[in-house]
Amino acid sequence: MNVLVCVKQIPDPNAPGKLDPGSKRLVREGVDLVLDPGDEHGVEAGLQLVEKDAGEVTIISMGPLKALEAIRRALAMGAHRGILVTDPGLENSDALSTARAIAAAIKGKSYDLIICGTESTDGSSGAVPAQLAELLGLPLLSFAKKLEVAQGRAVIDRQTDDGYDVVEAQLPAIVTVTGGINEARYPALRGIMQAKNKEVKQVGLSDIGLDGQAGKAALTQEVIDATPAEARKAGEVVEDKGEGAKRVADFLKELKVI
Amino acid sequence: MAGVWVFAETVDGTPKPVVLELLTKARALGETTAVALGPGASKSVEALGKYGAKKVYVHEDPAFREILATPAVDLLTRLIEKDKPDLVVFGMTYDGRDVASRLSARLGTALIANATDVTTRAGGWAIVSPMFGGSLLVTTVPKATAPALVLIRPKAVAAEPAGSGGAAQVEMLSDPVDTGKPVARVLRRETEKASGPRLEDAAIIVSGGRGLGAPENFKMLDELAAELGAAVGASRAVVDAGWKPYSFQIGQTGKTVKPTVYIALGISGAMQHTVGMKGARTIIAINKDPEAPIFKLADLGVVGDVHKIVPQLIQEVRSRKGK
């Protein structure tokens, strides 16, 4: 069983993000970049599948050269090889352009299952997996909080507003996984050492036949403005010295809740 | 007049609340058409008309309910190529996101997600989406060919019935649905029933985070919620840890709520969470960390131990109700 896991390198979500006032793009300089924590669950899900069965986990990412670090992290967790789609022409790609680049980069390769996070933690539009599914003509099992693969089929528990649906598709298929699907492993020292020798193939736009058809050249949308939202004003903050509960109850009474 | 379409998700013939919000926004932007798919969809026509749909396309094939996204994308593609609307809006729901994203790849059109507002601008559209937990409002304009596809967050617009206008014109469709290609098929549906009001509709929400320490401590939240007639919610950290099912999750990947009162217990207030609840009219927070970002949003914040304060609060509420 061969699994492809799509990952993204993002600014550390624990440090608040900033937009560049000129380009209206995410500021990437001077911030720590990490493998999207949501994607760690995708890598973990892929590893569990090949550990149970046989086969390999390939990691793919699109981004600047620095995104290699995110791929290395996934390799340190145990993934077998990586593909980095990187090209100056891919700068400023929107979701559809990203999906097209990934689809083009894996053309001719066959994976039984492609795993993605439900959405990136920074951009959070969550569009790429379904766009990729459409471009590749594959069924999409989305929002999986449980994944099982057997006899050429994948079955998931797909989260819904008030519970979950059990959904199945024939392989090959794409699955998006939520954070609840597993506990992602932490790379061991041995894994980190081994990751350095694992193959990561770098491909550019000309390698994947998308010269002049990606990034800025293929934008479907443009950010024209970014302004700080009106912030909520902080109210009163009191320290509990035994009267905290009473203070809250008084406030609830004021609000006519009780 | 611009053609503005609404993807009208229905459950057993009743439009999802977000659909009425979408219609309220759509009718201010142009001539509104709703597309309602699945068994019982025709029953939704009256409500859709009441909220501003001039026309409703209805297709009641069970495949729209049993197969994820692809039958809806096939049909929408045919209808869009025929009628050429300028804008199609979807709720930022599980199904809405799958359908809109697939459709954007099929048509090669712009897809803008997480929107809270759509306005007209220089003959086109300008879409506002919050970023970084709502601290920044980003305005995006679609550049690709029409229609622009926009995913609007639930509760971004207050639903109001249209003042005027008669019943919507209905067109029943019966085109065959292609079920032959590889699809994702729903085998069965499970509900994780919560007691009390639904999170989306609740006027009061009591919500718990990792600061509760252990799943069993949610019991005191249930108790407090029962006293207040509130719904119980949870942060992503709690859901990821498996303490509560996903249906409890409030925030970026969970639900967006707008209650009158939101009581955050042991929730630090990561942006992931606050984006889903900062629209609450009043926020009360109890957390032991005085630096927790939730205190920057709270109308009343108490720095202290939830394990001590919540049981006391339950007693206080009981005694006040007794008076």
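Reader: Which residue is the bridge partner of A:Pro228 in β10(B)?

Author: In this predicted model, the bridge partner of A:Pro228 in β10(B) is B:Leu136, and in that strand A:Thr227 has B:Leu137 as its bridge partner.

Reader: What makes β12 of chain A and β10(B) a pair of strands?

Author: Two strands pair if at least two bridges are found between them; β12 (residues 221–228) of chain A and β10(B) have seven bridges, in the antiparallel sense, and therefore they count as a pair by that cut-off.

Reader: Why are β12 of chain A and β8 of chain B called edge strands?

Author: The open sheet has four strands in the order β12(A)-β10(B)-β9(B)-β8(B), with antiparallel pairing. The strands β12 of chain A and β8 (117–121) of chain B each pair on one side only, and these are the edge strands. From one strand to the next, the twist averages 25 degrees.

Reader: How many residues does each chain give to the contact, and what makes two residues count as being in contact?

Author: Residues are in contact if their C-beta atoms, placed from the backbone, lie within 7 Å, and the contact takes 70 residues from chain A and 71 residues from chain B. Elements giving two or more residues to the side of chain B that touches chain A include α5 (94–107), β10 (136–142) and α9 (306–322) of chain B, and the largest share of that side, eight residues, comes from α5(B).

Definitions and conventions. Residues numbered from 1 in each chain as written. Chains lettered and ligands numbered in written order. Predicted model: local features only at pLDDT ≥ 70, side-chain atom pairs only at ≥ 80, totals over all residues. Axes fitted to C-alpha atoms, helices over the stretch in contact; angles between N-to-C directions.
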